[in-house]
Every structure is written in structure tokens, then in C-alpha cells.
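Have the viewer open and follow along from one stop to the next.

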Amino acid sequence: MKAISYARYGGPEVLEYGDVRDPRVGPDSVLVKVRAAGVNPVDWKCREGHLDALIEPVFPVVTGWDVAGVVVQPGASVTEFAVGDEVIGYVREDFLSRGTFAEYVAAPVRTLARKPRNLTYEEAAGLPLTGLTAYQVMGKALGVKRGETVLVHAAAGGVGSIAVQLGRHLGARVIGTASERNHDYVRGLGGEPVSYGDGLAERVRGLAPEGVDAVFDTVGGETLRISANLLATDGRLASIADPDVVDYGGRYVFVRPDAADLLRLTELAEQGAVGVHVSETFPLERAADAYRRNEEGRTRGKIVVTVDWDSESPVSP
Ligand SMILES: NC(=O)c1ccc[n+]([C@@H]2O[C@H](COP(=O)([O-])OP(=O)(O)OC[C@H]3O[C@@H](n4cnc5c(N)ncnc54)[C@H](OP(=O)(O)O)[C@@H]3O)[C@@H](O)[C@H]2O)c1
């Protein structure tokens with residue numbers, strides 16, 4: 001089958017579009033025919049070797065963790081899914097090897113949920129990693145409650161976009177950092193936009209003079225330090241970008257695949273509480289350009305790679 005893989009760590013130039021061996025379906029997995037795969041910063045951080053201490057690579061690595069597609073073969077033990085089911089998944093394992101930027105991926109059922117009926121494949125492919133992260137931070141680590149005020153950083157990005165919507169769904173007021181060009185977009189999600197950079201603290205205090213009840217940090221460093229000072233008494237802080245958050249009494253979160261959480265996100269999408277904005281799509285063979293674009297750090301919503309089902313493949317449903 002065709003896939004995007006890399007045989008050594010490096011920049012987008014190490015990505016190759018070509019044939020890799022077909023995935024074999026383990027007992028607890030299903031073979032998914034990929035329709036779309038979401039681009040996430042962690043994909044290129046892995047490719048550059050930044051997660052080497054955390055996740056062992058088995059080269060050549062097929063990149064990508066997010067997927068939307070159709071089940072074409074359930075594994076021997078699988079009762080949850082059948083041939084023809086539309087699914088989404090955050091297909092992360094404890095090693096880097098068989099990712100989602102491919103015509104097929106063998107996905108453990110613990111990484112999957114049914115696809116939201118009201119989302120396109122492209123939108124659905126942008127939901128798993130960002131949605132799970134936002135859900136596990138806003139709902140679990142921060143425990144955001146009705147009537148609270150939450151500060152979400154990078155509110156126009158993949159994770160932030162979902163976090164703003166979840167915060168609103170939970171009944172909170174959400175202040176979201178974004179550059180000026182994204183302020184209307186953040187407003188459309190239900191957030192109150194503030195520009196980041198010089199004067200951030202003053203702008204947030206202008207909106208929340210008593211401080212905020214919770215901060216979702218997606219940036220780290222100086223942003224984290226400023227945010228810690230914006231917390232109201234007993235305010236909570238979580239970061240997905242900077243493990244030093246523990247020095248400020250906060251929690252570092254590394255998202256995990258969780259089928260129950262993912263199903264909850266599917267339900268929230270179907271209720272209209274959470275949507276995915278796809279800003280750009282690229283065909284699979286141009287995945288390197290999709291990554292180049294995301295690496296600029298200015299993605300609004302999600303960039304998604306699509307797989308052409310007319311292309312020939314040795315594995316058929
Ligand atoms: N620990 C975990 O489990 C976990 C999970 C998911 C993501 N992450 C990490 O979290 C970060 C965000 O992920 P993502 O998927 O949301 O990325 P993304 O979609 O690529 O984020 C792009 C957005 O970041 C905004 N941005 C850039 N610099 C900013 C700043 N200084 N302050 C506020 N906004 C800023 C941009 O907004 P403007 O264009 O308006 O500037 C853009 O909309 C990444 O570093 C990712 O690796 C960690």
C-alpha cells in the first residue's frame with residue numbers, strides 16, 4: 001500500500017511517499033481504510049526526534065496518529081466494530097511505527113470510536129487527538145465548571161478550538177489568546193479573544209479583574225509564567241506544552257487514546273457542541289507540504305490529509 005514514511009529523523013524532506021508493507025491485523029485491532037488523516041504538531045516533533053526518549057521508533061515509520069475511515073477487517077477478538085463501520089481514531093501506540101498517513105492502518109479498538117454522523121471525513125479526522133486533549137484537560141485535569149472563567153491559550157489552533165467549545169459547553173466563560181486575524185474565528189467558537197504578546201496579562205485582567213479560575217496552557221515558557229500569575233485564589237493550571245507547569249502547582253497532561261472519551265466526543269459533535277474547522281486539505285502524496293504548513297505555527301483549526309480511494313491497493317475491503 002501507499003503511505004508517507006521516514007527512515008530516519010529529520011525535517012519534512014525525510015518524508016517519502018511510496019509503497020510500504022501492508023499492515024497485519026492483530027486480534028484486538030481492526031483494519032481501517034483511511035479516508036482522511038489529521039496533521040498534528042506531535043507528528044513532526046516525533047519525526048524530528050524530539051520524543052525519542054519517550055517513544056521508540058521502528059523505522060521506517062509511517063507518520064500520523066489521527067484517522068477517519070472505514071473498517072474493512074476486524075481482528076479475531078473484536079466485537080466492537082464490523083466491516084463497513086465508519087470510525088475515527090487516535091491511533092497511538094507505545095512505539096512509532098505504523099501510522100495513519102497510509103491507505104490502511106491496523107488500529108487497536110482502544111484507540112477508536114464511531115465517526116460522528118454529522119461530520120465529513122475531513123472534519124472527523126481532525127477531532128481525535130485535539131478533541132481528546134481538550135476533553136482530558138478541560139473536563140478531567142482542570143474540572144471546568146459552570147460559571148467559571150477559563151483562559152485557553154492558542155484558542156484558534158487545533159486543541160484550543162475544541163477547548164473553547166468544550167469550555168462553553170461546560171457552562172464556563174472562555175477567554176482565548178489568538179492573533180488579531182483570528183479574533184472573529186475565536187468569537188465564533190464562543191470565546192472572548194485577546195491578543196498574546198506584550199500586555200497579555202493586562203488584557204486578561206481587563207476582562208477578569210479577579211483572575212481566572214483555570215488556565216489551559218498550550219504554549220509554555222513565558223506564557224505559562226504569566227498565566228500562573230493570572231489565577232484567582234484556588235485557580236487551577238494545566239499545560240500540554242511545558243512540564244515545568246508542576247513548579248507552578250499545575251498539572252502536565254500527555255493525551256492518551258481512550259475509546260470512552262472519544263465516543264463522548266463523537267456524541268458532543270453530533271449534538272453540535274463541538275465542531276472542527278478544516279482550514280486546508282492536502283492529498284496524501286503532498287503530506288510533506290501539509291506538515292510544512294503546520295510547522296509555521298499559524299494553523300487555524302486543522303490541516304487534514306486525504307486519501308484517494310480510487311487509487312489501487314493490494315488490500316481490498
Ligand atoms: N501534551 C499533549 O498531550 C499535547 C496534545 C496536543 C498538542 N500538544 C502540543 O500543544 C501545542 C498546540 O497544539 P495544536 O495542535 O493546537 O497546534 P496548532 O493547531 O498547530 O496551533 C496553531 C495555533 O497556535 C497559535 N499560536 C502560536 N503561537 C501562539 C502564542 N504564543 N500564543 C497563543 N497562540 C499561539 C496560532 O494562532 P495565531 O495564528 O493566531 O497566532 C495558531 O492558531 C503544540 O505544541 C502541540 O505539540 C500537546
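This is a predicted model: local features need pLDDT of at least 70, side-chain atom pairs count only at pLDDT 80 or more; totals for chains, interfaces and linings use all residues.

Begin with the ligand, which sits in the largest pocket. In total, 26 residues surround the ligand, and the closest are Lys 45, Ser 179, Tyr 196, Val 255 and Thr 299.

Now zoom in on the oxygen atoms of the ligand. An N or O atom in the side chain of Ser 179 is 2.5 Å from an oxygen atom of the ligand. A polar side-chain atom of Arg 298 also lies 2.8 Å from a ligand oxygen. With Gly 158, it is a polar backbone atom that is 2.8 Å from an oxygen atom of the ligand. How much of the ligand does the protein bury? Taken alone, the ligand exposes 930 Å², and the protein buries 86% of that.

Next, turn to Thr 100, which is found in the loop between strand E7 (95-98) and strand E8 (104-108). Is Thr 100 buried or exposed? Thr 100 has 0% relative accessibility and therefore counts as buried, since the cut-off for buried is under 20%. Leaving out residues up to four places away in sequence, Thr 100 touches a set of residues that includes Val 34, Ala 37, Val 91 and Val 105, as well as Val 62, Thr 63, Gly 64, Trp 65, Asp 66 and Val 67.

Strand E5 (residues 66-74) is the place to look for Val 70. Val 70 counts as buried because its relative accessibility is 13%. Beyond residues up to four places away in sequence, its contacts include Leu 31, Val 32 and Lys 33, then Gly 84, Asp 85 and Glu 86, and also Tyr 121 and Trp 309. For a sense of scale, the C-alpha atoms of Val 70 and Asp 244 are separated by 40 Å, and these residues are 174 residues apart along the chain.

The last stop is Glu 192, in strand E12 (residues 192-194). Glu 192 counts as partly exposed because its relative accessibility is 27%. Not counting residues up to four places away in sequence, Glu 192 touches Arg 173, Val 174, Ile 175, Gly 176 and Leu 207. With Arg 173, the side chain of Glu 192 makes a polar contact of 2.8 Å. The C-alpha atom of Glu 192 is separated by 40 Å from that of Glu 56, which is 136 residues apart from Glu 192 along the chain.

Notes
Residues are numbered from 1 along each chain as its sequence is written. Side-chain values use heavy atoms; hydrogens and water are left out. Helices (H or I, at least four residues) and strands (E, at least two) are DSSP runs, numbered from the N terminus. Buried means under 20% relative accessible area, exposed over 50%, partly exposed in between (1.4 Å probe, protein chains only). Contact means heavy atoms within 4.5 Å. A residue is near a molecule or strand if one of its heavy atoms lies within 4 Å of it. A polar contact is a pair of N or O atoms within 3.5 Å; within protein, one must be able to donate a hydrogen and the other to accept it, and residues adjacent in sequence count only if both atoms are side-chain atoms. Accessible areas come from the Shrake-Rupley method with a 1.4 Å probe; for residues, only the protein chains shown count as cover. On a 1 Å grid over the protein atoms alone, a cavity is a set of points where a 1.4 Å probe fits but cannot get out, and a pocket is an open set with protein on both sides within 12 Å along at least five of seven lines; lining residues have an atom within 4 Å of a point. A molecule sits in a cavity or pocket if more than half of its atoms lie within 2 Å of its grid points.
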